[in-house]
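Grab a pencil and let's work through a few exercises together. Each one has a task and then a step-by-step solution.

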Amino acid sequence: MMKALLVEDNENNRYLFTLLLEYVGFSVVTASHGRQGLEMARTEKPDVILLDIQMAEMDGYEVAERLKSDPALLTIPIIGVSSFAMPGDRARALSAGFAGYIEKPVDPERFGETVVKLVNDARLSQ
Amino acid sequence: MEQKRLNYMRRILGAGILIAVLSAGSAGVWLWRRHSWDVAVQRTYRIGWALLPPLEVRGDDGRPSGLAVELLRGAAARRGIRLEWVYTDEDPESALRTGRVDLWPILTITPERRKLFYISDPLLETDHCLLVRDDSRYRDLTDLASARIGTSNLTIDGPALRRRFSQARIATRPSVRNLIEDVCAGLSDAAYMNEYSALAALLERRDCGANGLRWISMMQQRSRLGIGATFDAAPIARALRDEVALAAAEHKLGPIAGRWGYLSANLESISAILESRRRELRLAAVAALFALLLVMAIFQAARIRRERNRTRHAEAALRETERTLRLMAEHLHEAVATFDMERRVTYVNRAFERLTGYSTVSLASRGTVEQARLPWVHPAHLDQVQSCWQAAFGGQAVHAEDYRVVTAGGDVKWITATWGPILDEAGNQIGVLCTGRDITARKAAEQTLRQTSLRLATLLNNSPLAVIEWSDHRIVNWLGGAQQLFGWTADEVIGKTLHDFRWVHEDDWPEVRSAMAAMSERRPALCRNRNYRKDGSIVYCEWYNSVLPSGADGLPAGLSLVLDITERRHAEEALRRAHAELERRVTERTLELSAANVRLQDLDRLKSQFLASMSHELRTPLNSIIGFGSLLRQELAGPLNPEQKKQLDIICKSSRHLLTLINDLLDVSRIEAGRADLQSEPFNFNDVAAEVTQSLMPLAGAKGLDVAVDIPPEGIQLYQDRKRTLQLLLNLVHNAVKFTASGGVRITARTAAQRLVVAVEDSGIGIKAEHLGMLFEAFRQVDGSARKVYEGTGLGLYLCKKLLELMGGEIRVESEYGKGSRFEFELPLRSSGANPALEPKAEAMG
C-alpha cells in the first residue's frame with residue numbers, strides 16, 4: 001500500500017482529500033502546515049506528497065524547494081493542489097519540480113485516479 | 001559742266017576781240033614799218049636766248065633751237081636779217097634794257113615792259129599754270145596761298161605773280177628744268193610757268209619719276225607773247241613777226257613745227273589762216289582767232305581728256321548710286337511709291353505691293369491717281385488723303401495721319417504715310433514720293449490697350465477697395481472706394497504724402513515703414529494697419545501694395561489696394577475670445593476627466609483584484625461542496641434513498657454550474673483587463689475534440705442526442721493555447737447540446753490557409769434574426785424566456801469571441817429560428833510570434 005503525505009491547511013479539504021485518496025488505496029498521513037509537512041516527509045517517507053500551494057507561514061513552493069534540496073526526499077513526487085486558477089500557475093508549479101498540478105475545486109470522481117496516474121508516471125520517468 | 005562751257009566761250013570771245021584790235025593796230029603802222037626797213041637790215045642783231053622749252057632749247061649740236069628760235073631763225077633768213085644768238089642767264093628785261101642784246105625771241109607782253117623796250121604784236125598766247133607734285137596736298141590755287149613757288153626769270157610776269165600770291169615765298173630760277181627739279185626735290189612746292197613749258201615738261205615726262213606732277217591752271221593769267229626788242233631794233237622785231245605770219249601762210253612753217261610734234265597739225269591750220277590774212281586783214285583776224293582756238297585746244301586736250309575720265313567715273317558712280325538706291329528701295333520695309341507730275345504712278349517697291357496688293361503695272365494701267373480715285377484708300381479717309389495729295393503736288397512735304405487702305409485682296413489695313421515732292425537739280429518739282437508703313441498691328445495693340453485701360457478703369461472705379469496710386473510717395477490717383485473708405489475727396493489728398501495729413505495711426509508706423517521699405521526695394525508688400533478717417537474715426541485696413549514700373553519721369557511709382565477689415569477684426573476678436581473661453585473650459589474638463597480616469601483606473605484595478613480574490617475565496621468552499629456532494633451521491637458514506645439521490649444530484653449540478661460561472665467571470669475580467677495569458681504548446685486538435693465529446697457525452701446521452709465528429713483522421717496539429725482551445729470548443733458544443741432538445745450535434749474541423757476552421761452545428765431552437773447581432777455581447781441571453789428553460793451565465797459566447805480575438809481568430813454564426821444554429825470559428829494553426837503572455841507570472845493572488 002502506498003503512503004501519501006497530504007499537506008493542507010484547510011481542515012475540510014484535509015478530510016475530503018484523505019477520503020478520496022483512501023478510496024483509491026492510499027494510506028494517508030496529513031500535515032496542517034508546511035513545516036509540519038517537511039518533518040513528516042522526513043519521518044514518514046511517503047510515496048507521494050500532495051502539497052497545497054496557498055498556505056500561511058510557509059507556502060507550497062517553499063516546502064517543495066526544501067524537499068528538493070534534501071537528497072533523501074528528492075525523489076518523492078510532489079503534486080500541487082491549488083485554488084489558483086490562473087493560467088501561469090500550472091506552468092510555475094511544473095517548473096518548480098512538481099510532478100503534477102491539480103486545481104481546486106477538484107473533481108471528486110477523478111481526483112484519486114489522477115493522483116495514482118501521476119505517481120505511476122513519476123516512477124516510470126525516474 | 002555748264003559753268004565750264006561758259007568760261008570756255010568767254011575765253012574764245014576775249015581772244016577774238018583782242019586779235020581783231022591788234023590786227024587793226026598793225027594795219028595802221030604798216031606803211032611806216034616798210035619805210036624804215038632798208039636801214040634796219042644793214043647790221044647784225046644780237047638776239048638773246050635761254051632754256052625755255054619748248055620755245056627755246058639747246059639743240060643736239062649745242063646751238064639754240066626750239067619753236068620760237070626756229071620760227072625766228074627761219075623768218076630772219078628769209079628777210080636777210082643777220083642774227084647772232086647769244087645765250088644768257090640774265091633776265092630778258094635787263095638784257096634788252098642795257099642793250100646787251102637787241103632782240104629776244106619770245107616775251108610776255110606787259111605794260112611795264114612796253115615802257116622799257118619794244119615788244120612786237122603777239123605771236124602766241126598762253127595761260128600760265130603751276131606744277132605741283134602729284135602726291136602733294138595742293139589741289140587748287142587757294143592751297144598755294146602761302147607756299148614756296150619757284151618761277152623762271154625769263155618770260156614770266158613777276159609782278160602779276162606776286163600780286164596773285166602775296167603771302168607766298170617766290171624764288172627765281174634760271175630755267176624751267178631747275179623749277180621742276182626743285183619741286184621734285186621738295187625745295188619748292190610749285191613751279192610757275194606758261195602752259196607751253198608745262199605741257200612740254202609733262203609730255204617729255206620730265207617729272208619726278210614715281211611721283212607725277214599735277215597741273216594747277218591759272219586761267220585768269222592769260223599771257224600774250226611777242227618778240228622783244230630794244231627800241232632801235234623794233235623794226236626788225238616787227239619784220240620777224242610779219243615774216244613768221246607770212247611763212248605760216250605760205251606753208252613754210254610745217255618742217256619747223258614738225259620737229260615739235262605736238263604743234264604740227266595745228267601749225268598747218270595757222271599757216272592757212274595767216275595766208276589769207278595777208279590778203280585781207282579781217283580774214284587774218286579770224287584766222288588768228290582759229291589759230292588761237294586750236295593752240296588752246298592742244299593744251300586743253302589733256303585737260304578735256306582728264307575731265308572726260310572724271311565724268312565717266314562720275315557717271316559710273318551715279319549709275320552705281322542709282323542701282324543701290326533702287327535696291328534699297330526694293331528691300332525697304334517701308335512702302336515706297338513715286339508719281340510724276342501728271343500723277344501717274346512711276347514706281348512702287350515690293351513693300352508697297354505687299355502692303356496694297358497693287359504692283360506698278362496694275363497701277364500704271366489705271367491712269368492718273370485722280371482717275372483711279374486712289375484705289376487703295378479707304379473711302380472714309382479719301383478727303384484726308386486727297387488734301388495730302390494736293391499739298392504734295394503743291395511742293396509741300398506732308399505727313400498723313402493714320403488712315404486705312406483697302407488692299408487689292410479686300411483686306412483693310414492701317415497705315416501711316418509721308419508725302420514729299422521730288423525735285424530736279426534746278427529745284428523744279430518733277431514728282432511726288434510717298435512712303436508708307438503698315439501699322440495695323442500697332443493699331444490693334446492700341447485698340448486692345450484702350451479697351452484694357454477702359455476695363456481696368458471701370459474695374460477700379462467700381463471696386464469696393466480703395467485704389468490709390470503713388471508717384472514719388474505722393475498720391476496721384478484716388479480711385480474706387482477710396483473716398484468712401486477714408487472720407488477725403490480726391491482733390492483733398494492728391495499731391496500729398498503719408499506724412500502730410502493725419503491718416504496713419506501713430507502706433508502703426510513701424511508696419512507702414514517696413515512696407516515702404518519693401519516697396520523701395522521694388523517688392524510688393526502687404527500691410528495691416530489702422531488708419532484715421534477724415535472724421536477722425538479709426539478704420540482697420542489691409543493694404544495690398546504693389547510696385548508699378550517707373551513713369552517717364554523715372555520716379556518710383558506704386559499702387560495700393562486697400563480693404564476695410566474693421567468688421568473682420570471685430571469678428572476675429574470675438575472669435576479669439578470665444579476660442580480662449582472654449583480652451584479654458586476644455587482644459588478644465590480635461591483635468592476633471594483625467595482625475596476621473598485615474599479614479600476609474602483605480603476602480604478597474606480594484607475590480608480585477610476583487611474578482612481574483614473572490615474567485616479564489618469562492619473556490620475553497622466549492623471544493624468542499626462539490627467534493628462531499630459527490631462522495632455522498634456515490635453512496636461512499638452510506639446508502640441513499642431515491643429522494644436523497646435526486647436532491648444530491650441537484651446540489652452537485654448547481655455547484656458545478658457555480659464553478660463554471662466563477663471561472664467565466666474570472667476569464668472575462670482578465671481578458672477585459674488585458675491580462676489574459678495565452679500558453680502556446682503543440683497538440684492535436686483531435687485530442688481536444690475527443691476530450692470535449694467525452695466530457696459532454698453523458699449530458700448528450702441523457703437527452704438522447706447524437707454527437708457526431710467529422711475531423712480528418714490524421715488529425716490537425718496546432719501550436720496554440722490548448723486549454724483555451726478546449727474551452728472554446730467545449731463552450732460551443734455544450735451550448736449546442738444544452739439548446740437542442742432532439743436531433744444531434746455535429747462537430748466538423750478542417751484547415752484552410754494555415755487556419756483551423758471548426759463548425760459546431762445543432763438542430764436546436766435556433767436564434768431569431770434580430771437577435772443575431774447581440775449574440776456575442778456580454779450578459780445577454782438572447783431570449784429572456786429561454787432563461788427559464790436553459791441555464792447560462794450569458795458570458796459563454798462573449799468569452800468565446802474575446803478569446804478568439806486574443807488568439808488571432810474569429811467566430812461567426814448562422815441560424816434559423818426553430819431549425820438550429822451553426823457556429824463556426826477559426827484559429828491560426830500557429831499562434832502569432834512572441835507573446836508576453838508566454839512568460840510565467842508570479843502573482844500573489846491569495
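**Exercise 1.** How many helices and strands does the secondary structure of chain A come to?

*Solution.* This is a predicted model, where local features need pLDDT of at least 70, side-chain atom pairs count only at pLDDT 80 or more, and totals for chains, interfaces and linings use all residues. Residues are numbered from 1 along each chain as written, chains are lettered from A and ligands numbered from 1 in written order, and side-chain values use heavy atoms, leaving out hydrogens and water.

Step 1: helices (H or I, at least four residues) and strands (E, at least two) are DSSP runs, numbered from the N terminus. Step 2: chain A has 5 helices and 5 strands. Step 3: along the sequence they go β-α-β-α-β-α-β-α-β-α.

**Exercise 2.** Work out how α21(B) and α25(B) pack.

*Solution.* Step 1: α21 (residues 642-672) and α25 (residues 796-807) of chain B meet at about 40 degrees, axes 10 Å apart; axes are lines fitted to C-alpha atoms over the stretch in contact, and angles run from 0 to 180 degrees between N-to-C directions. Step 2: that makes α21(B) oblique to α25(B), since angles under 35 degrees are roughly parallel, over 145 roughly antiparallel, 65 to 115 roughly perpendicular and the rest oblique. Step 3: the contact (heavy atoms within 4.5 Å) includes Val668(B) and Ile671(B) of α21(B), and Leu799(B) and Leu803(B) of α25(B).

**Exercise 3.** Find what follows α25(B).

*Solution.* Next comes Gly808(B), with a positive phi near 85 degrees.
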